[in-house]
Amino acid sequence: MKRLALCLGALLTTFAAFASPPSDDDMKATIDRLVDDTAKDSVSEARAFDRLIHLGSAAVPYIVARLGDGRRLPEQSIWVRRHGHEDRQYHPWYVHDGLEVVLQELTGFTMGPQNGHLFKDQRERNTRKWAAWCAQRYPAQADICRSGLPEAK
């Protein structure tokens, strides 16, 4: 009986370690790495956008903080695989646009079109809208949400 209790205790401890949400530093590092991967090559881009979407709503403030990234994407196409729904394809040109696609998928909201035809000031306006929305929705992480604003740099 003691062995069973010890095994169950060890199993629960292991499960709790995996079930606990990542720390802010871990999430930031993960998001930073994945965003950088979107600009490497088409395979890395697809994998990174898929991982960003699968991180879920906990990643939203960190993704918002990375908006404004003006690097061109290697592949101007993102396929979003949706269980039980029709897959969606988007055509972003820049990392910023791809991150807005991810945010749209995670939140159900959009702050403007996600295509390569936007001017820099339009992307900045969208970034400010996302930061304001994020700060309201995630008040405990409002500083993270606003950290990507042009004024904060």
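**A disulfide and a helix pair**

The structure, which is a predicted model, holds one disulfide.

Me: Which cysteines form the disulfide, and how far apart are their sulfur atoms?

Reply: The disulfide is formed by Cys134 and Cys145, whose sulfur atoms lie 2.0 Å apart. The pair links distant parts of the chain, with Cys134 in helix H6 (residues 120-137) and Cys145 in helix H7 (residues 142-146), 11 residues apart.

Me: Is the link of Cys134 and Cys145 left-handed or right-handed?

Reply: The link is left-handed, with -50 degrees about the S-S bond.

Me: And is Cys134 buried or exposed?

Reply: Cys134 counts as buried because its relative accessibility is 0%, and Cys145, with a relative accessible area of 1%, is buried too.

Me: OK, switching to helices H2 and H3: at roughly what angle do their axes cross?

Reply: The axes of helix H2 (residues 24-38) and helix H3 (residues 42-54) cross at roughly 145 degrees, and they come within 7 Å of each other. The crossing in which H2 passes H3 is left-handed.

Me: Which residues in H2 and H3 meet there?

Reply: On the H2 side they are Thr30, Ile31, Arg33, Leu34, Asp37 and Thr38, which meet Ser44, Glu45, Ala48, Phe49, Arg51 and Leu52 in H3.

Me: How many residues of that contact are nonpolar, polar and charged?

Reply: The residues of the contact of H2 with H3 comprise five nonpolar, three polar and four charged ones.

Methods
Residues are numbered from 1 along each chain as its sequence is written. This is a predicted model: local features need pLDDT of at least 70, side-chain atom pairs count only at pLDDT 80 or more; totals for chains, interfaces and linings use all residues. Side-chain values use heavy atoms; hydrogens and water are left out. A disulfide is a pair of cysteine sulfur atoms within 2.5 Å. Helices (H or I, at least four residues) and strands (E, at least two) are DSSP runs, numbered from the N terminus. Buried means under 20% relative accessible area, exposed over 50%, partly exposed in between (1.4 Å probe, protein chains only). Axes are lines fitted to C-alpha atoms, for helices over the stretch in contact, and angles run from 0 to 180 degrees between N-to-C directions. A crossing is left-handed if the near helix is turned anticlockwise from the far one by less than a right angle, and right-handed if clockwise. Contact means heavy atoms within 4.5 Å. Ala, Val, Leu, Ile, Met, Phe, Trp, Tyr, Cys and Pro count as nonpolar, Asp, Glu, Lys and Arg as charged, and the others, Gly among them, as polar.
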